[in-house]
Amino acid sequence: AFWSASLIAKSRRWIFNIRRIPLLVYWAVGLIITIVMEWYATGTLDRWQYADSMPRLPFMGTGLLPLLQWIVLPPIILFFVRRQTKS
């Protein structure tokens, strides 16, 4: 996701000057990766299964919590990366 946003922004330092399009690409690519990996791991590979109590998306069966993690954590991660790496 980071490198996809870097390609769009034409710089790997895009996190220091966050613009809307690279941020949306970062978020969307991460979300797509999450959905595909969860679907693949719980379906084709049968690596794990969701508990009955796990809320799932109706159209793909992907668990809601892995998606929420991708929605909530990236802004926090970007905040801390920017804070720790600014000179």
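Is Asp46 buried, exposed or partly exposed? Asp46 is partly exposed, with a relative accessible area of 47%; buried means under 20% relative accessible area, exposed over 50%, and partly exposed in between, with a 1.4 Å probe and protein chains only. The legends below describe a predicted model, in which local features need pLDDT of at least 70, side-chain atom pairs count only at pLDDT 80 or more, and totals for chains, interfaces and linings use all residues. Residues are numbered from 1 along each chain as its sequence is written, and side-chain values use heavy atoms, with hydrogens and water left out.

**View 1. Helix H1 against helix H2.**
The axes of H1 (residues 2-9) and H2 (residues 20-42) come within 8 Å and cross at roughly 155 degrees. Helices (H or I, at least four residues) and strands (E, at least two) are DSSP runs, numbered from the N terminus. Axes are lines fitted to C-alpha atoms, for helices over the stretch in contact, and angles run from 0 to 180 degrees between N-to-C directions. H1 and H2 are therefore roughly antiparallel to each other (angles under 35 degrees count as roughly parallel, over 145 as roughly antiparallel, 65 to 115 as roughly perpendicular and the rest as oblique). The crossing of H1 past H2 is right-handed; a crossing is left-handed if the near helix is turned anticlockwise from the far one by less than a right angle, and right-handed if clockwise. On the H1 side the contact is made by Phe2, Ser4, Ala5, Ile8 and Ala9, and on the H2 side by Ile21, Pro22, Val25, Tyr26 and Val29, where contact means heavy atoms within 4.5 Å. Sorted by class, this contact has nine nonpolar, one polar and no charged residues. Ala, Val, Leu, Ile, Met, Phe, Trp, Tyr, Cys and Pro count as nonpolar, Asp, Glu, Lys and Arg as charged, and the others, Gly among them, as polar.

**View 2. Helix H2 against helix H3.**
The axes of H2 and H3 come within 10 Å, with a crossing angle of roughly 145 degrees. H2 passes H3 in a right-handed crossing. From H2, the residues Leu23, Tyr26, Trp27, Gly30, Leu31, Thr34, Ile35 and Glu38 meet Pro66, Leu67, Trp70, Ile71, Pro74 and Leu78 of H3. The classes in this contact are 11 nonpolar, two polar and one charged.

**View 3. Aromatic rings.**
A search of the whole structure finds five aromatic pairs. Rings of Phe, Tyr and Trp (its six-membered ring) pair if their centres lie within 6.5 Å; planes under 30 degrees apart count as stacked, over 60 as edge-to-face and the rest as tilted. Phe2 and Trp14 form a tilted pair, 5.9 Å centre to centre with 35 degrees between the planes. This pair links distant parts of the chain, with Phe2 in helix H1 and Trp14 in the loop between H1 and H2, 12 residues apart. Phe2 is partly exposed at 27% relative accessible area, whereas Trp14 is buried at 3%. Phe79 and Phe80 form an edge-to-face pair, 5.1 Å centre to centre with 75 degrees between the planes. Phe79 is partly exposed, with a relative accessible area of 47%, and Phe80 is partly exposed, with 39%. Phe2, Trp3, Trp14, Tyr26 and Trp70 form one aromatic cluster.

**View 4. Glu38 and Thr62.**
Glu38 is found in helix H2 and is buried, with a relative accessible area of 13%. Leaving aside neighbours within four places in sequence, Glu38 is in contact with Trp48, Tyr50, Thr62 and Pro66. The C-alpha atoms of Glu38 and Trp48 are separated by 9.3 Å, and the two residues are 10 residues apart along the chain. Thr62 is found in the loop between H2 and helix H3 (64-85) and is buried, with a relative accessible area of 1%. Not counting residues up to four places away in sequence, Thr62 touches Ile35, Glu38, Tyr50, Pro55, Arg56, Leu57 and Leu67.

Lys10 is found in the loop between H1 and H2 and has a positive phi of about 60 degrees although it is not a glycine. At 76% relative accessibility, Lys10 counts as exposed. Asp46 has its place in the loop between H2 and H3. Its phi is near 50 degrees, a positive value in a residue other than glycine.

**View 5. Ile32 on helix H2.**
Ile32 is found in helix H2 and is exposed, with a relative accessible area of 52%.
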